[in-house]
Amino acid sequence: MLRFASLASGSKGNCLVAEADGTRVLIDCGLHLRDTERRLARLGLEPSDLAGILVTHEHGDHACGVFDFAAAHRVPVYLTYGTLVALEAEGRVVLGAKTVIVTGRECFRVDGMEVWPFTVPHDAREPVQFVVSDGNWRLGVLTDIGAPTLHVEQTLSGLDALVLECNYDLDLLWGGAYPKWLKERIAGPFGHLDNRQSELLLGALDRSRMQHVICAHLSQQNNRPDLARAALARAMGCEPGWIGLATQDDGFAWRSLL
Ligand SMILES: [Zn+2]
Ligand SMILES: [Zn+2]
């Protein structure tokens with residue numbers, strides 16, 4: 001059985017939990033320690049239930065709580081060398097926490113879970129995103145990517161569940177209050193996916209096994225849930241209400257592949 005839930009999603013903090021055959025990991029921990037603990041409890045979990053933290057990249061909304069949690073609860077951290085170096089440079093690595101270096105080229109296991117990191121274009125040092133599996137079902141998580149690549153498309157094809165960034169609506173971003181340099185960074189090739197890019201990416205995938213699609217990492221200023229859901233629903237050929245929504249305050253509740 002594979003199941004997953006989100007503790008939080010958005011520019012103020014991202015944290016997802018995935019469970020495969022009884023092995024549970026966090027994917028990113030961009031929340032402070034007590035907040036992470038409190039939100040885990042909301043999902044019926046204790047910190048000691050976790051076998052690892054998979055880190056996508058060093059940006060604060062994904063990594064600010066990683067090492068505090070890892071040190072407090074003796075949970076190993078899986079990250080690329082580039083992400084580790086970047087977090088060290090920011091003084092965010094806590095001595096004594098166990099780290100495991102991973103690459104965007106090799107699958108590894110965390111107890112009963114198979115993990116495939118894959119490389120993505122984003123303005124971080126060595127960012128990856130993850131596909132996790134129990135050997136039967138596969139869940140993909142894709143946020144913080146400037147533009148889809150063929151490699152990303154091939155990696156995400158044939159998934160059973162996908163958590164997909166819908167960061168902004170292009171018109172809301174350009175018409176909004178952000179400074180020009182920030183708009184250009186977000187919309188640039190190493191920034192984030194807008195609703196339209198995510199719709200096109202999802203539409204290009206093999207979706208024949210897809211049971212869950214959740215839009216994630218929505219900007220609170222530059223997007224709206226109805227726009228993101230409508231975009232992914234067009235790609236799936238489904239009702240917008242079928243598309244899940246990951247929110248900043250609540251993430252989303254457990255979803256299962258059985
Ligand atoms: Zn982010
Ligand atoms: Zn980022």
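Buried here means under 20% relative accessible area. His122 has a relative accessibility of 4%, so His122 counts as buried. The legends below describe close-ups of a predicted model.

**View 1. Four residues coordinate the zinc ion (ligand 2).** The donors are His57 (NE2), His59 (ND1), His122 (NE2) and Asp144 (OD), at 2.2 to 2.4 Å. Along the sequence these donor residues follow the spacing H-x1-H-x62-H-x21-D. His57 sits in the loop between S4 and helix H2 (60-63), and His122 in the loop between strand S8 (113-119) and strand S9 (128-133). The two are 65 residues apart, so this pair links distant parts of the chain. His57 is buried, at 0% relative accessibility. Four donors count as tetrahedral if all angles lie between 85 and 135 degrees.

**View 2. Asp61, His62, Asp144 and His217 coordinate the zinc ion (ligand 1).** The donor atoms are Asp61 (OD), His62 (NE2), Asp144 (OD) and His217 (NE2), at 2.2 to 2.3 Å. Their spacing in sequence is D-H-x81-D-x72-H. Angles between the four donor atoms run from 91 to 154 degrees, so this arrangement is irregular. His62 lies in helix H2, and Asp144 in the loop between strand S10 (138-142) and helix H5 (150-156). This pair therefore ties together parts that are 82 residues apart in sequence. His62 is buried, with a relative accessible area of 0%.

**View 3. Asp144 coordinates both zinc ions.** The zinc ion (ligand 1) and the zinc ion (ligand 2) are 3.8 Å apart. Asp144 is buried, with a relative accessible area of 1%.

**View 4. Strand S3 (residues 23-27) is largely enclosed by the rest of the structure.** Five of its five residues are buried. Side chains in a regular strand alternate between the two faces of the sheet. On one side of S3 are Thr23, Val25 and Ile27; on the other are Arg24 and Leu26. Both faces are covered. Strand S2 (residues 15-20) pairs with S3 in the antiparallel sense, over five bridges. Val17 stands opposite Leu26. Two residues lie between the strands of this hairpin, and Asp21 takes a positive phi near 50 degrees.

**View 5. Helix H1 (residues 33-42) lies on the path from S3 to S4.** S3 and strand S4 (residues 50-54) run parallel, joined by four bridges. Leu33, Thr36, Glu37, Arg39 and Leu40 are buried in H1. The buried residues of the helix pack against strand S1 (2-8), S3, S4 and helix H3 (66-73). Gly44 follows H1 and has a positive phi, near 80 degrees.

**View 6. Val77 is buried in strand S5 (residues 77-79).** Its relative accessible area is 0%. Beyond its neighbours within four places in sequence, Val77 is in contact with Ile53, Val55, Val66, Phe67, Ala70, Lys98, Thr99 and Val100. Val77 and Ala51 are 26 residues apart in sequence. In space they are 9.3 Å apart, C-alpha to C-alpha.

Key
Residues are numbered from 1 along each chain as its sequence is written. Chains are lettered from A and ligands numbered from 1 in the order in which they are written. This is a predicted model: local features need pLDDT of at least 70, side-chain atom pairs count only at pLDDT 80 or more; totals for chains, interfaces and linings use all residues. Side-chain values use heavy atoms; hydrogens and water are left out. Buried means under 20% relative accessible area, exposed over 50%, partly exposed in between (1.4 Å probe, protein chains only). Contact means heavy atoms within 4.5 Å. Two strands pair if DSSP finds at least two bridges between them. A crossover is right-handed if, with the strands pointing away from the viewer, the path from the first strand over the helix to the second runs clockwise. Donors are N, O and S atoms within 2.8 Å of the metal (3.2 Å for Na, K and Ca); water is not among the atoms, so sites may look incomplete. Four donors count as tetrahedral if all angles lie between 85 and 135 degrees; four count as square planar and six as octahedral if opposite donors are over 155 degrees apart and all others between 65 and 115; anything else is irregular.
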